[in-house]
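Biologist: Could you walk me through this model and tell me what stands behind each label you use?

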Amino acid sequence: MKFLSVSKWFMVVLCMSGLLLQYGCAFKDIDKRLFVSAIGIDPAENVENGYKVTLKVALPFGAIKDSPKPSFAYLSREGHSIGEAIRMLETHVDKVLELGHMKTIVVHEKLLRDDMQSFMDYFIRRGDIELIAYVAGARPSAETILKVEPDTEAPASVSLINFFGATANDSPYVVTTYLFELRRDILSDGINAVVPLIETNEKGDELIVNNSVVVDGREDPAVLSTIETKYFNSLLKHSTGFTYLVKEGSLELLLQISQSKMTYKFVPNKGNTAPHAIDMHIWMKGTIGEASKDLSIARLDEYNEVASKEVKQKVVHFLTKMQEENLDPFGFGLRYRTTRLHTEDVFTSWQKAYPDIEFKVTVDVKLQGTGTIE
Amino acid sequence: MSRFVYFLLISNMTANLIAASPRIFFAKSEEGAIVTMIIALFFGVFMNWALITSFKAFPGKSLPQILSLYLSKWITIPALFILGVIWYVSGLQTLITYIDILLRFLTPEMSVYLVIAMFIPVITFGVIMQSRNILFTLELVFVLAFPAAAYYIVKLYFAEQVSWDHVGIAMTFIDNPPDYTVFTTAIYLFAGAFDIIIFNSLLNKKMTFGIKQALIVFFLGAFALFTTYFIPIGVLGFDQVENIMYPWILTSDSIRMKFGVIERVIFIFLLLFLAIAFLNITIHWHVACQLFQSAFGIEHMKMKLRKKASLITVVMVFWLIAFYTTLKITEYDLFFYSKYYFNTIPIIFIGLMVLMLVVNRRAKS
């Protein structure tokens, strides 16, 4: 009986012959790799126009029980480019540096300029670095921030990761910027990228993230204050769970907003193509979280009005401040480009119009209750 | 239309998502990509209509059988040979792209020879399989992989990472005049159903192409084109999207599923699309192999061993060329030659339709 036909035998031999080429497992084992958990980039001190790269490398340990604190090693090296510095750092360790699990890129505050795309290029070009890695600014320097090991850091975890991406920390003060998002915003006309700013306390045992930086071409990047960061997050990124303090006379209200929504449209100028105003509408829904006086449910409408007025004032202040600095973190310019068919001068006419644009903001705060007590 | 025709159509659309076509679209994103895609959409439906209608009179017969019945050898053999080359290159192009993607994103440390060697047994096995089994494999992969692939694609539309402002900017270029290369690339998405020139021998039922079928093809095509073009623009931004080598890989890498099984969607995405691409290469090469066999008259050979030997020769030649080109070609070459390849598609389509017109006439008389 013929067991297999000739061609099938041929196939079997062909497949098997592949095994002859192998001399064992071709892949490097996990204990031959070092997992980089974060990269820090500072301006170089000794190399002109160079960078100082710091790697935070997670060290392996047997069991979580054996290690009360997470253990890290730090590697630093200066070089003309990021790639060169990392290549040289590979010669400082006995194992392979694995960047596939690198989730946070921390950049010195002073380097957050438009030319950062030249070094961001390295991260995008490498296939193994994830594009959903977080990018953050650092003050005073990326190296100090990387070396902070907060007390709350659990073994086998990195605090820098938990801050962003709303998996653990969900605070409205924390802006999350992904690598692909940063690239997109830097390369697009009509929007400025915003990255969170990581700071530390004097003792160096805490990480503090509540400011953010608007990335622009200038030497000294504009830093958004804590309050501005919160507004940016709530209006644009729809983050939830924030609070607004409203003051009117002796009445102090702390609003807890659970939903917020912003829409805007351009008000065209008569006879001219460029707009002269932006009509913005903001809806907010929430409850009162804290008050200096006894509140009455019946007077909710009144509180709504007080709150609306306050929020409006703050939003307008924030928008005009950005306008004065000629920054556009909200991407008004980008939206403007979508409103008409493409011609050469759509964006230039917007650039001319933006400094004089008027913001007409209407805010609708809808309080749904006074919390558990009146 | 038989359900297998839809499967063939969809598998071609899906496999092209990560191959060379998005790059060609983006390269012309400021030179009339959108208007061309709209024209191509209608032309694609017309292509499918023309194909199904021309094969209507010959249920259960493949193109080589039909041609040998009604036309002289002098026309049949070159025609089959040219079609074979076209189908072979179509598979080859997908193969090279995927080997490149595998090397870059999934297994950067592996040698290129090993990666190609891994493709060889599976695809060869597929190529020499019976046509009937290929269709069943297609159906199986569809049941297994396609729901997940569709899930991820639909998920993209609701991902917060997609900036619809950028999509809006892309749309403001709608008034530009159309471009030929974009047109040919876009109609290639609809070329999946053309595999029935071989598989028709298994589709014994008479097929019709009415309004219903036209609408299905239209909406499938519209969805495929819209997704291929606009989603990467939304994720990667309009202004620099033409500089990206593999827009869809970077797009899937930019999508995050916070509490998904794996946060990085790219790995699931790559594996799913790899399965569909494997299938696509197998189908195309199977068709090419069958066409070459008919062109060289292997089917009429007497001895069984001789038939097998010639089959093996065809497969060997396939792989030798594949090996050579995969190792030699650079990314730029691939992009460049893909354009030429796509540009020949309309000519081939017209040629095929003229042949079918003649055959249909002779069959009637």
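Modeller: Let's begin with A:Asn326, which is found in the loop between α8 (300–324) and α9 of chain A. Helices here are DSSP runs of H or I with at least four residues, strands are E runs of at least two, and both are numbered from the N terminus. This is a predicted model, where local features need pLDDT of at least 70, side-chain atom pairs count only at pLDDT 80 or more, and totals for chains, interfaces and linings use all residues. Residues are numbered from 1 along each chain as its sequence is written, while chains are lettered from A and ligands numbered from 1 in the order in which they are written.

Biologist: What makes A:Asn326 count as partly exposed?

Modeller: A residue is buried if 20 or more other C-beta atoms, placed from the backbone, lie within 10 Å of its own, exposed if 12 or fewer, and partly exposed in between. A:Asn326 has 13 C-beta neighbours inside 10 Å, so it counts as partly exposed. Its phi is near 60°, a positive value in a residue other than glycine.

Biologist: And why is A:Asn49 called exposed?

Modeller: A:Asn49 has 8 other C-beta atoms within 10 Å, so it is exposed. A:Asn49 sits in the loop between β1 (33–43) and β2 (51–58) of chain A, and its phi, near 55°, is positive too.

Biologist: What makes chain A more spread out than a compact globule?

Modeller: The radius of gyration, taken over C-alpha atoms, is set against a globule rule of 2.2 Å times the number of residues to the power 0.38. For 374 residues the rule gives 21 Å, and chain A has 27 Å, well over that, so it is more spread out than a compact globule. Its C-alpha atoms fill a box of roughly 90 × 65 × 60 Å along the principal axes.

Biologist: Which domains does chain A have, and how many residues touch between them?

Modeller: Chain A is divided into domain 1 (28–224) and domain 2 (227–374); such bounds come from an automatic or database domain assignment. Their C-alpha centres lie 32 Å apart. In all, 17 residues of domain 1 are in contact with 20 of domain 2, where contact means C-beta atoms, placed from the backbone, within 7 Å. β8(A) gives the most to the domain 1 side, with four residues.

Conventions:
Two residues are in contact if their C-beta atoms, placed from the backbone, lie within 7 Å.
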